[in-house]
Structures are given as C-alpha cells and as structure tokens.
Amino acid sequence: MKFFIDTANLEQIKEAQDLGVLDGVTTNPSLMAKEGITGAENILQHYKAICEAVEGDVSAEVIATDYEGMIQQGEELAALNPQIVVKLPMIAAGIKACKYFSDKGIKTNVTLVFSVGQAILAAKAGATYVSPFLGRLDDISTDGLNLIKEIRLVYDNYDFKTQILSASVRNTMHVVNCAKIGSDVMTGPLSSITGLLKHPLTDSGLAQFLKDYAKGN
Ligand code: G3P
C-alpha cells in the first residue's frame, strides 16, 4: 500500500520523506489555508515547493466548479511539474474533466467520494485515483471502512485500474485496516504514519538489549 501524507505543511512532508516510506502528498484548499497559504500565485508556488520536497505524486485541487474552469486550472496545475495529479471534485463537471485529463494522459484524483456509485463513475472516467473519505463517514456513524471494502470488490469485479486512495484517514488503525482491505493508497496526517512505529514491547526490549550489552563493556 502506498503512503501519502495529507498536509500542505512542508516540515511534516519533509519528515515523512526523510523516514523513507513516503510515496506522495495530497492537499486540499482547507489544508492550504491551515498553513496560511492563500491566493492563487502563492498556492501554485507552494505546490512547486512540495514537488521539490518529495519524489511521488502530489495531488493539487482545482477550485473551479464549472467544466471550462476546471480544465483551465487543471492544465495550469499539471504544467507545474510532472508529479502533479489534478484533483477534481466528485460532481458532473469533475467527472467530465476527469475524462478529459485521462484522455490526455494527465493523472487525476477524484475527491469527496462517499458512495460506491460515485467510485464507479470515477473509474469509468479513467481516474488515476479515487478518494473515498473514510474518517468523515465514521464521523456521521457510517462505516467508512466498509465503503473501501465495497469499492475494492467492484473494482476487482471489472478489473478497473483506478487506484483506491483511502482519504480522511485519521489514525494508525485506519491505516492498518485500509491495508487489510486492500486499499491501494492511504493518505493521512504525519501522526498516522509515525504512530505505526510505536509499541511498548519494542521500547522495553531495546532498553533491555542496551542494558545487557553494557554489562560486557
Ligand atoms: O484526504 C482528505 C482529507 O484531507 C480530509 O480529511 O480529516 O478533513 O476529513 P479530514
């Protein structure tokens, strides 16, 4: 399973990259705003900086909600760096734009997906990635992981090539469960990645090894 980090924070992106397990980055307008990155030009420059900090795919989201606007913004984003994946919302214009970019060989990520039907549409439009938001479904007492499972089943039935990018991952158990289900990618905060390192038996075991080693020296 690929690990993407879901942030626009360059320090956190670099920390995950330094760990050697990062496959890409996802962002959205809210994550940009959280880092104080506002205004079209600053946002474009920030995407460039993110691409320089990592080796993998970097999802950059269009703001337009009409087809022509999405095409214009998506082309501008894609021209920044070959790592850019054009992120499009799961609305009719987004699906149409997804087909346009797929036909041109530009990578796409259809976002804000909350149902299997939406995931089927994204796959039929040739999306590189589909982003079901599992944490936000959990927030409203709906089983987010079950949506990932069902999309996996349908995509496997028809050998759809669209990769399931489990998004709105919030914690380490989301990561582990996505891996059990066969999600192709997960995107979450840095803590959902570094949290996987932790186990008290690892800590106590290492402390004992070092103590025993010190006895002979
Ligand atoms: O990847 C989607 C993500 O940015 C949304 O996450 O935690 O705001 O639901 P969250």
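Helices here are DSSP runs of H or I, at least four residues long, numbered from the N terminus. Just after one of them, α1, Gly-20 takes a positive phi of about 90°. The model is predicted.

**Helix α1**

- Helix α1 covers residues 10-19, and its buried residues are Ile-13, Ala-16 and Gln-17.
- Viewed down the axis of α1, these buried residues fall within an arc of 100°, so they line one face of the helix.
- That buried set packs against four elements: β1 (2-6), β2 (24-26), α3 (40-53) and α10 (190-194).
- Glu-11 and Asp-18 are exposed, on the face of α1 turned away from the buried side.
- At the start of α1, Asn-9 brings a side-chain oxygen to within 3.0 Å of the backbone nitrogen of Glu-11.
- At the other end, just after α1, comes Gly-20 with its positive phi.

**Glu-61 in strand β3**

- Strand β3 spans residues 57-61 and includes Glu-61.
- Glu-61 has 13% relative accessibility. The cut-off for buried is under 20%, so Glu-61 counts as buried.
- Setting aside neighbours within four places in sequence, Glu-61 contacts Thr-27, Asn-28, Pro-29, Tyr-47, Leu-77, Lys-87 and Thr-111.

**Aromatic pairs**

- Rings pair if their centres lie within 6.5 Å. By this rule the count is five aromatic pairs.
- One of them joins Tyr-100 and Phe-101, with 5.2 Å centre to centre and 80° between the planes. Planes over 60 degrees apart count as edge-to-face, so this pair is edge-to-face.
- Within this pair, Phe-101 is buried at 0% relative accessibility, whereas Tyr-100 is partly exposed with a relative accessible area of 26%.
- Tyr-158 and Phe-160 make a tilted pair, at 6.0 Å centre to centre and 40° between the planes.
- Here Tyr-158 is exposed, at 59% relative accessibility, and Phe-160 is partly exposed, with a relative accessible area of 23%.
- Ring pairs also bring in Tyr-155, which forms a cluster with Tyr-158 and Phe-160.

**A charge over a ring**

- Lys-96 lies over the face of Tyr-67, at 4.4 Å from the ring centre.

How values were computed: Residues numbered from 1 in each chain as written. Predicted model: local features only at pLDDT ≥ 70, side-chain atom pairs only at ≥ 80, totals over all residues. Heavy atoms only, no water. Phe/Tyr/Trp six-rings, centres within 6.5 Å; stacked < 30°, edge-to-face > 60°. Buried < 20%, exposed > 50% of the residue type's maximum accessible area, 1.4 Å probe, protein only. Lys NZ or Arg CZ within 6 Å of the ring centre and 35° of its normal. Helix = DSSP H or I, 4+ residues; strand = E, 2+ residues; numbered from the N terminus. Contact = heavy atoms within 4.5 Å. Arc of directions from axis to C-beta. Polar contact = N/O pair within 3.5 Å; in protein donor to acceptor, adjacent residues only side chain to side chain.
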